[in-house]
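Morning, everyone. I'll take helix packing first, then aromatic rings. Here is the model.

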Amino acid sequence: MIIDVHVHPVLFGPICTDSDRVNFRKKAFGLYKSSPVPMEQVMAVMDHAGVDRAVILAEDYSASMGQPIVSNEEVKRIVELFPERFIGFASVDPREECAAEKLKDAFEKLNLMGLKLNLSHLNMYPDDRRLKPLLDLCTKYAGAVSQRLQLGTGFPVKIYTSDFV
């Protein structure tokens, strides 16, 4: 089984019904000339590439942007439509006081399977004390953590996993 572990669903059709949200996401990701993509096209691309499943990622920098780029609820919506193809990862902004509560809800109520953090966008180091409650929740709920760190010119992804598939 081939699983793509880093997919941003910013323009996946089912979450592109609000033009203001779409324009916000396009600006955040620099996708000015792109349009929402029908799920049939997403599936065709996955099939052509031999990808059986994909981890789709929420993206939350609410403390600085005022709202998530892709919310946990939006990820849940896509996973519910295609549970055999997608695994949903939550995102919370650790700079917000409610981050742990939001992550707990993402695991318990939305059934998301892991946490996505981009520490370079959050201006945080991996040992920041605000991350500990989030990592503890990931351990408790057997979720995976995907941390994207910008080191030099590369963008390595470090993934801590449990048996979530």
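Axes here are lines fitted to C-alpha atoms, for helices over the stretch in contact, and angles run from 0 to 180 degrees between N-to-C directions. Helices are DSSP runs of H or I, at least four residues, and strands are runs of E, at least two, numbered from the N terminus. The model is predicted: local features need pLDDT of at least 70, side-chain atom pairs count only at pLDDT 80 or more, and totals for chains, interfaces and linings use all residues. Residues are numbered from 1 along each chain as its sequence is written, and side-chain values use heavy atoms, with hydrogens and water left out.

Helix α5 (residues 99-108) packs against helix α7 (residues 132-140) at about 15°, axes 9 Å apart. Who makes the contact (heavy atoms within 4.5 Å)? From α5, Ala-99, Ala-100, Leu-103, Lys-104 and Phe-107; from α7, Pro-133, Leu-134, Leu-137 and Cys-138.

Now the rings. Rings of Phe, Tyr and Trp (its six-membered ring) pair if their centres lie within 6.5 Å; planes under 30 degrees apart are stacked, over 60 edge-to-face, the rest tilted. The whole structure holds three aromatic pairs. Phe-12 and Phe-86 are tilted, 6.0 Å between centres and 50° between planes. Phe-12 sits in the loop between β1 (3-7) and α1 (19-29), Phe-86 in strand β3 (residues 86-90), so the pair ties together parts 74 residues apart in sequence. Phe-86 is buried at 2% relative accessibility. Buried means under 20% relative accessible area, exposed over 50%, partly exposed in between (1.4 Å probe, protein chains only). Ring pairs link Phe-12, Phe-82 and Phe-86 into a cluster.

Definitions and conventions
Contact = heavy atoms within 4.5 Å.
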